[in-house]
Amino acid sequence: MVFRKPPDGGWGWVIVLVSFFTQFLCYGSPLAVGVLYLEWLDAFGEGKGKTAWVGSLANGIGLLASPVCSICVSSFGARPVAIFSGFMVAGGLMMSSFAPNIYFLYVSYGIVVGLGCGLLYTATVTITCQYFDKHRGLALGLISTGSSVGLFIYAALQRALIELYGLDGCLLIVGALSLNILACGSLMRPLESSSSPPPEKTCVDKVPDQYFVYHEKEKTVEENISILEKGYIDEKCVNNVPDCKQDSILNKNVLSSININEKDTYKKKVVEQTNFCKQLAKRKWQLYLTYWKETMVLFKNKVFSALFVAILLFDIGGFPPSLLMEDVARSANISEDDYYMPLISIIGIMTTVGKLILGILADFKWVNTLYLYVTTLLMTGVALFAIPFAKSYLTLAMLSGILGFLTGNWSIFPYVTTKTVGIEKLTHAYGILMFFAGLGNSLGPPIVGWFYDWTQEYDTAFYFSGFCVLLGGFLLLLAALPCWNACTNQSSKLPPNTYSYKVASNA
């Protein structure tokens, strides 16, 4: 498929709008799962670490399956994937309303909803990057705010629905709202070149028709001949018995010779079909080898290798507050009368602000997107270290706002990835990085929950979280500095399709 030059406007703004609502509808409930987390703790009576797996799987399984999601989007396109995933998210939420135990939720809410969200996220990011180049940072920032706005609204919405209709009714209504993803997905028109030449046939398409054993036309002709011969023989037998015997002997000889020829032809076709299958298997194997070779080439880039470590540690440490902050407040014996707004809603609205501001900053020529991303990691680590010292609603609300704003660095992460590997390898590279992000999302909340189950307090858990994020930020910074100097000295020797952060910061 040959894509036109990104138009940086036009229908691209429609793509941004529908991608925004897609992420709003699919990620609203999983990101605001902290409200449901408290209800599941009371309903099933399981430990905090065990119950936290539901929310962590919902937010992590889609990222873990990012390589598969990337292959699906590359193979089928963003529109079909978005429509199919809409059914998955809605169905998973509705199934969760009938959950008899926590293990059922692992599948219905954690895996089904999480995988649907992962497919939708990959589809929206990929198609947005195809439509935008100059304003890609702004476009990615706008669509990524959809999940943050969803977190802000769904936190209050789910709490209100639980009070009115109970936990089961809340999940049914939220699942019905998710069906609007189908309408959004139908508007994701692919960016294809109308004047592009027809794609060259693959080796499978070039296989001649003679490789196939069954041909309807040939089969029809043979059947007609056999029917005519049979009718002619029957008629002769009725009119003249001696002639019938003589003709039947002759026809037997003719048919025996025909059968021999048919057997030879059939054997030949079977051999040809076997060769075809071998060629097809060989081609598939070559595709797999090419995929892994390209993966190894990506990991030879120091910055890319550091990115996957940083995103893994960031999600292990930085994701739990959005899931567990409400329980942190309850564990600190903060009265509900002091609540002016749910802490999860504060995280959501500030994440929206952070994504917008960071996305806009990424488009400025004088801003180095990698350094900007590293700065957000280091500041997140410091904020996590401060959570154990927050003993009032006001301090927890301030830290929630800071963490929410810094979590907005998701809007510039695709931007950094694109400028590192190029738009041609974005889907491949982004799928790998999101796999490690999903691993961090899946492990982070249960680890924090287990720390609480062991120590009966959250202090040790958030010290561990802050250390993970700081470590990832420092590793990425150390990996980037030598690369920066190399890019400065060798920028004139780089091939046209090679992307460096020096070039990216001035592009």
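At 1% relative accessibility, Thr 51 counts as buried (buried means under 20% relative accessible area, with a 1.4 Å probe and protein chains only). The model is predicted: local features need pLDDT of at least 70, side-chain atom pairs count only at pLDDT 80 or more, and totals for chains, interfaces and linings use all residues. Residues are numbered from 1 along each chain as its sequence is written, and side-chain values use heavy atoms, leaving out hydrogens and water.

Ser 96 is also buried, at 3% relative accessibility. The table places both residues. Contact means heavy atoms within 4.5 Å; neighbours within four places in sequence are left aside. Helices are DSSP runs (H or I, at least four residues), numbered from the N terminus.

| Residue | Helix | Contacts |
|---|---|---|
| Thr 51 | α3 (residues 48-64) | Tyr 37, Trp 40, Leu 41, Glu 46, Ile 102 |
| Ser 96 | α5 (residues 78-96) | Leu 105, Ser 108, Tyr 109, Leu 171 |

Thr 51 and Tyr 37 are 14 residues apart along the chain, with 7.2 Å between their C-alpha atoms. The Ser 96 side chain reaches the backbone oxygen of Gly 92 at 2.8 Å.

Now the helix pair. The axes of α1 (residues 11-31) and α6 (residues 102-131) come within 10 Å and cross at roughly 165°. That makes α1 roughly antiparallel to α6 (an angle over 145 degrees). Residues of α1 including Trp 11, Ile 15 and Tyr 27 meet a set in α6 that includes Tyr 109, Val 113 and Tyr 131.

Methods:
Axes are lines fitted to C-alpha atoms, for helices over the stretch in contact, and angles run from 0 to 180 degrees between N-to-C directions. Helices (H or I, at least four residues) and strands (E, at least two) are DSSP runs, numbered from the N terminus. Angles under 35 degrees count as roughly parallel, over 145 as roughly antiparallel, 65 to 115 as roughly perpendicular and the rest as oblique. Buried means under 20% relative accessible area, exposed over 50%, partly exposed in between (1.4 Å probe, protein chains only). A polar contact is a pair of N or O atoms within 3.5 Å; within protein, one must be able to donate a hydrogen and the other to accept it, and residues adjacent in sequence count only if both atoms are side-chain atoms.
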